Amino acid sequence: MSTPRVFLVDDHQLFLAGVRAELGEAVDVVGAASDVDAAIEMIREREPEVVLVDVHMPAGGGARVIGEVLRTHPDVQFLALSVSDAPEDVIATIRAGARGYVTKTIAPDDLVAAIESVRAGDAVFSPRLAGFVLDAFAGAAPPATDPELEQLTPREREVLRLIARGYAYKEVARDLGISVKTVETHVSSVLRKLQLSSRHQLARWATDRRLI
Amino acid sequence: MPPGGPGRDHRRVNGLQLRLTRADFTRPAEGRVVAGVAAGLANAFGLDANVVRCGFVVLTVASGVGVLLYGIAWALMPAAAVDAPVAPRGNADVVATIAFGTVVLGVLLAVRALGLWPGDVIVWPLVAAMVGLALLAMRSAPAEGETPAALPPWPLLDRLPPDTADALAVLVGTRRGAIARVVAGALCVAAGVVAFVVTADSWHALRSAFIAMAAVLVGIALVIGPGLSRLAHALVAERRDRIRADERAEMAAHLHDSVLQTLALVQRRADDPREVVRLARMQERELRGWLLDPSAPAGEQAAAASVGVALEQIAAEIEDERGVPVEVVRVRDCPTAGMEPLLLAAREAILNAVQHSGAGRASVYLEVEPDRTTIFVRDRGHGFDTAHVSDDRGGITNSIVGRMTRAGGRAEVRSTIGEGTEVELVLPRPNGNGSS
């Protein structure tokens, strides 16, 4: 496979330069933007395969970049990259259409691997994101037209739990006695539920991560 | 600025009375015009020498008193040593005010020279009235952005006892100061008018006095009216600015104590990547906590209310001590009550992962379910053979497994050589009846 064409969006120039240097030859960085509007315009123009997007930015943040670009260019894949630990921001970015979320402290090799996964259409769940999702989908499902979307299957829960515990997909597969491909299918299914679910908790659960 | 701000050293003052010595009034060697009296007085009071000279000239022209005073001062003031330091110039604002007064007096003198002088009996009360008006016209509150209670750097002020100096500062720059000024101005005006009336010997003069008094009263009304409303506005603005400044100062102090210190440390430890990472993570955590909840104590010393918070504190502590990142993922949370053994065991497990596994990081996962709380501690270190752990490895047997068993829970250690170790800790929740 050729090296992925990657676009970077971050309002911190220093961080842009750092990521660019870290990724080095592993990917083809076709451009970078440091504000939302410039990013939308440049991504539409250059049509990268994967966009690394910061969650926190003025004028709408990563969620707006994702939403706007996907409207006209549905093939572009987004990977959220952030220092933000605030669950509501992360979930909002995923619901806008990002294929995954990793923190900025991720090791360069892991970041390249995550870019490859996202490019292939898979979801990338960091332990933290897995924890957020488990938390968000806790409790009883709300009455909904499509109950499928509102609840995680026991298997999906198991997969997420292992990811949250720090397991790589490969280790999850071995632990559960399934193939890596199946793990990826489960994770993608969770991502879809996360994006399409109408669970009202998703919108506000973050603010009241309740004590039980 | 608080009273007694920069520029004044209270340690020099220990008595409670005004300590003025003759040494304060010396005639400098340089900058003399006649005998240096004016320059010496100007130094002592922090004024421009020309202002003092004008004063002498005016007093001389008006009644001859100026020459007499100059002579007395000359006699009393010793000549200064050649290299004696020259006091700094006074506050420009004060100088400007006095200069204005001097110009007014100069105009009066010109009038006198032209032969229109009505006589000293009338002039002195008029001068008093005008001084009063000048006092009234002085700015009653500091303009935006100016320090409210800064005292002019007069050397004399250094000689005042702190209490008196502070009181002066308050008087000069605050509402009470403004009121005092208004009162003083009004008194001057009144004194001038009264002197006028008392000394005037003809009905004609008396009538002039009434006219003058009426003019003065109108003037006062004109001066005070806008001043009062300005004063009220200025007080509100001052209060708002002070609150804003306080917030800013608090943030600046915090950033200085935390971020800047850490950045300095990072630069000094640049050759030790592990230490740099440790410092950066510690600072990140601290700053994040402060941004999310500024009222929380910076040192995270507050007792943790929930297991999740306590666990993050434990992880942070170990991270700081050992320089190995510990990532905590939480799914739901519960109060710490009854969960102490779990937290202690988790602490031991994290320490083991960080100290003995050789891994570059450790993952901690907390999940709270209605009936139990589970913690996983995982590392990707070199692992060990769990079947061959000798009993003297008290860390695992006592601190972890034993503790959990005694508390009614369980602990399980899974390790694969070359792949890492995972410790699972499970503790049933007290009153774990599923209520949420």
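In the predicted model, the side chains of R119(A) and E49(A) meet in a salt bridge, with an N to O distance of 3.1 Å. R119(A) belongs to helix α5 of chain A (residues 108-119), whereas E49(A) sits in the loop between α2 (36-46) and β3 (50-54) of chain A, so the pair ties together parts that are 70 residues apart in sequence. Over all chains, a search of the whole structure finds 31 salt bridges. Side chains of opposite charge can pair when their charged atoms come close.

Within chain A, the packing of two helices was also examined. Two packed helices are described by the angle between their axes and the distance between the axes. For helix α4 (residues 87-96) and helix α10 (residues 180-196) of chain A, the angle is about 100 degrees and the axes are 8 Å apart. Angles of 65 to 115 degrees count as roughly perpendicular, and α4(A) and α10(A) are therefore roughly perpendicular to each other. From α4(A), residues I91(A), I94(A) and R95(A) meet L191(A), L194(A) and Q195(A) of α10(A). Classified by residue type, this contact of α4(A) with α10(A) comprises four nonpolar residues, one polar residue and one charged residue.

The interface of chain B and chain A was considered next. Here, 28 residues of chain B are in contact with 22 residues of chain A. The size of an interface is often given as the accessible area lost when the parts come together. Between them, chain B and chain A bury about 2100 Å², of which 46% is on carbon and sulfur atoms.

Six salt bridges are counted between chain B and chain A. One of them joins E327(B) to R128(A), whose closest N and O atoms are 2.9 Å apart. On the side of chain B that touches chain A, two or more residues each are given by α10 (273-292), β1 (326-331), β2 (362-368) and β3 (372-379) of chain B. The largest share, five residues, comes from β1(B). By class, this side of chain B has 15 charged, nine nonpolar and four polar residues.

Key:
Residues are numbered from 1 along each chain as its sequence is written. Chains are lettered from A and ligands numbered from 1 in the order in which they are written. This is a predicted model: local features need pLDDT of at least 70, side-chain atom pairs count only at pLDDT 80 or more; totals for chains, interfaces and linings use all residues. Side-chain values use heavy atoms; hydrogens and water are left out. Contact means heavy atoms within 4.5 Å. Buried area is the accessible area (1.4 Å probe) that two parts lose on being put together, summed over both. A salt bridge is a side-chain nitrogen of Lys or Arg within 4 Å of a carboxyl oxygen of Asp or Glu. Helices (H or I, at least four residues) and strands (E, at least two) are DSSP runs, numbered from the N terminus. Ala, Val, Leu, Ile, Met, Phe, Trp, Tyr, Cys and Pro count as nonpolar, Asp, Glu, Lys and Arg as charged, and the others, Gly among them, as polar. Axes are lines fitted to C-alpha atoms, for helices over the stretch in contact, and angles run from 0 to 180 degrees between N-to-C directions. Angles under 35 degrees count as roughly parallel, over 145 as roughly antiparallel, 65 to 115 as roughly perpendicular and the rest as oblique.
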